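Please read them with the sequence and the model side by side.

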Amino acid sequence: AFLSRSQDGFTQVVAMDLSFDLLSRAWCIAEIAEAEKSFIPQRVVMHSEQSMIRGYHSLKHFDIQQCEASRNEDKQYILGKISDITAFNEHVQAMVFGDHGLLSRWMDGRRRLQTVGRVVARVMSTSDTRLPNASCT
């Protein structure tokens, strides 16, 4: 938060790996959530639309309790800071896929709508589960 206040143009860049493993790392999630909470501008960089499709599959089942950390103490520390795990999990989904989420800034509006339509169609054709609630309260 200090850098965002003291450096013009400071932005958190989230470099998403091909299989969205970043979303399985407790510290990565904690840092993304903290930046959002601190109103630090964020931008995501990812490999391709295909990686987004794979990422959607992993994120729709996101659970911070299943995330990993190099040290168990770190994971317990992060979990201890979260008062409502279910609400936090839903919030993470919204931070990534919501109307103002990281992926909303990944491409321009027209391309985003086309891509989201393709992703949703593919996911729905391969799964009988519902889309996650992308609202954040």
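1. In this predicted model, the structure holds 3 salt bridges. One of them joins the side chains of E68 and R25, at 3.2 Å from N to O, and this pair links distant parts of the chain, since E68 lies in the loop between α3 (49-59) and α4 while R25 lies in the loop between β1 and α2, 43 residues apart. E68 counts as partly exposed at 47% relative accessibility, and R25 is likewise partly exposed, with a relative accessible area of 28%.

2. R71, E73 and D74 are linked in a network of salt bridges. The closest N and O atoms are 3.7 Å apart between E73 and R71, and 3.1 Å apart between R71 and D74. R71 is partly exposed, with a relative accessible area of 46%, whereas D74 has a relative accessible area of 16%, which is under the 20% cut-off, and therefore counts as buried.

3. D74 also belongs to the buried set of helix α4 (residues 72-80), together with K75, I78 and L79. Seen down the axis of α4, these buried residues fall within an arc of 130°, so they line one face of the helix. They pack against α2 (26-37) and α5 (85-97), while N72, E73 and G80 are exposed on the other side of α4.

4. Strands β1 (residues 12-15) and β2 pair in the parallel sense over 4 bridges, and V14 has V44 as its bridge partner in β2. The chain crosses from β1 through α2 to β2 in a right-handed β-α-β crossover.

5. In strand β2 (residues 42-45), Q42 and V44 form a covered face, and R43 and V45 an uncovered one. In a regular strand the side chains alternate between the two faces of the sheet.

Terms used:
Residues numbered from 1 in each chain as written. Predicted model: local features only at pLDDT ≥ 70, side-chain atom pairs only at ≥ 80, totals over all residues. Heavy atoms only, no water. Buried < 20%, exposed > 50% of the residue type's maximum accessible area, 1.4 Å probe, protein only. Helix = DSSP H or I, 4+ residues; strand = E, 2+ residues; numbered from the N terminus. Arc of directions from axis to C-beta. Contact = heavy atoms within 4.5 Å. Pairing = 2+ DSSP bridges. Right-handed = clockwise from strand over helix to strand, strands pointing away. Salt bridge = Lys/Arg side-chain N within 4 Å of Asp/Glu carboxyl O.
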